[in-house]
Amino acid sequence: MGLKILLVDDEQEFVETLSERLQMRDMDSHAVFDGKTALAQVQSHPPQVLIIDLKMPGMDGIQVLQQVKQTHPFIQVIVLTGHGSEKDRKTCMDLGAYAYFQKPVDIDQLNTAIRQSHEKTLTDPRDSMGFGRPVDKGFYQP
């Protein structure tokens with residue numbers, strides 16, 4: 001099975017289509033539609049890469065990014081937004097996001113960023129004990 005990707009975006013049709021396109025590229029993607037559900041998924045079934053939108057009702061993407069980096073620092077986070085600013089990009093990168101994209105994104109460019117972010121995790125010497133690595137359980141199982 002491919003990389004485990006959790007997509008978080010309140011634009012349901014967009015995120016489901018993106019999930020299907022990533023699955024066609026051998027990624028095990030799953031979509032949720034709000035930050036609170038995303039954090040619950042991260043706790044119960046940590047992905048290897050998290051792709052989040054910034055503007056969502058309730059908890060926004062920056063809040064999700066902050067909490068994920070506090071609890072699971074080795075999960076790579078890619079921000080994909082249609083409403084971000086340069087200030088938002090800087091904030092996200094300072095908080096530990098791997099990449100920041102504006103919608104619409106080229107799927108090949110996103111695919112490359114996902115794979116490179118995962119490779120970064122695998123080669124990070126701070127993760128020699130496997131902390132932050134996802135545990136295979138739950139919805140990601142075939």
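Five helices and five strands are present, where helices (H or I, at least four residues) and strands (E, at least two) are DSSP runs numbered from the N terminus. The model is predicted, so that local features need pLDDT of at least 70 and side-chain atom pairs count only at pLDDT 80 or more, while totals for chains, interfaces and linings use all residues. Residues are numbered from 1 along each chain as its sequence is written, and side-chain values use heavy atoms, with hydrogens and water left out.

Of the 142 residues in the protein, 46% are buried; buried denotes under 20% relative accessible area, exposed over 50%, and partly exposed the range in between (1.4 Å probe, protein chains only). The accessible surface comes to about 7300 Å², and carbon and sulfur atoms hold 50% of this area. Accessible areas come from the Shrake-Rupley method with a 1.4 Å probe, and for residues only the protein chains shown count as cover. Among contacts with a separation of 6 or more, 65% are accounted for by residues 24 or more positions apart, a contact being defined by heavy atoms within 4.5 Å.

The count of cavities of 30 Å³ or more comes to two. The search runs on a 1 Å grid over the protein atoms alone, and a cavity is a set of points where a 1.4 Å probe fits but cannot get out; lining residues have an atom within 4 Å of a point. Grid points are joined across faces, edges and corners, and a volume is the space filled by probe spheres set on the points. For the second largest cavity, the volume is about 40 Å³. Its lining consists of Leu-7, Val-8, Asp-9, Phe-14, Val-15, Leu-18, Ile-51, Ile-52, Asp-53 and Leu-80. Strand E1 (4–8), helix H1 (12–23) and strand E3 (49–52) are the elements that give two or more residues to this lining. The largest share, three residues, comes from H1. By class, the lining of the second largest cavity contains eight nonpolar, no polar and two charged residues. In this scheme Ala, Val, Leu, Ile, Met, Phe, Trp, Tyr, Cys and Pro count as nonpolar, Asp, Glu, Lys and Arg as charged, and the others, Gly among them, as polar.

Strand E2 (residues 28–32) includes Ser-29, which counts as buried because its relative accessibility is 6%. Ser-29 and Ile-5 are 24 residues apart along the chain, yet their C-alpha atoms are separated by 4.5 Å. Not counting residues up to four places away in sequence, Ser-29 touches Ile-5, Leu-7, Ser-19, Leu-22 and Gln-23. His-30 also lies in strand E2; with 26% relative accessibility, His-30 counts as partly exposed. The C-alpha atoms of His-30 and Ser-19 are 6.4 Å apart in space, and the two residues are 11 apart in sequence.

Helix H5 (residues 107–123) contains Ser-117. Ser-117 has a relative accessibility of 0% and therefore counts as buried. Leaving aside neighbours within four places in sequence, the contacts of Ser-117 are Val-49, Gln-76, Ile-78 and Tyr-98. Asp-124 is found in the segment after H5 and, at 11% relative accessibility, counts as buried. Between Asp-124 and Phe-74, 50 residues apart in sequence, the C-alpha to C-alpha distance is 8.9 Å.

The side chain of Gln-48 reaches the backbone nitrogen of Lys-4 at 2.7 Å. The loop between H1 and E2 holds Asp-26, a residue other than glycine with a positive phi, near 65°. Asp-26 counts as exposed, because its relative accessibility is 60%. Lys-103 and Pro-104 are joined by a cis peptide bond with omega of about -10°; Pro-104 lies in the loop between strand E5 (99–102) and H5. For reference, most residues other than glycine have a negative phi, and most peptide bonds are trans.

Notes. On a 1 Å grid over the protein atoms alone, a cavity is a set of points where a 1.4 Å probe fits but cannot get out, and a pocket is an open set with protein on both sides within 12 Å along at least five of seven lines; lining residues have an atom within 4 Å of a point. A polar contact is a pair of N or O atoms within 3.5 Å; within protein, one must be able to donate a hydrogen and the other to accept it, and residues adjacent in sequence count only if both atoms are side-chain atoms.
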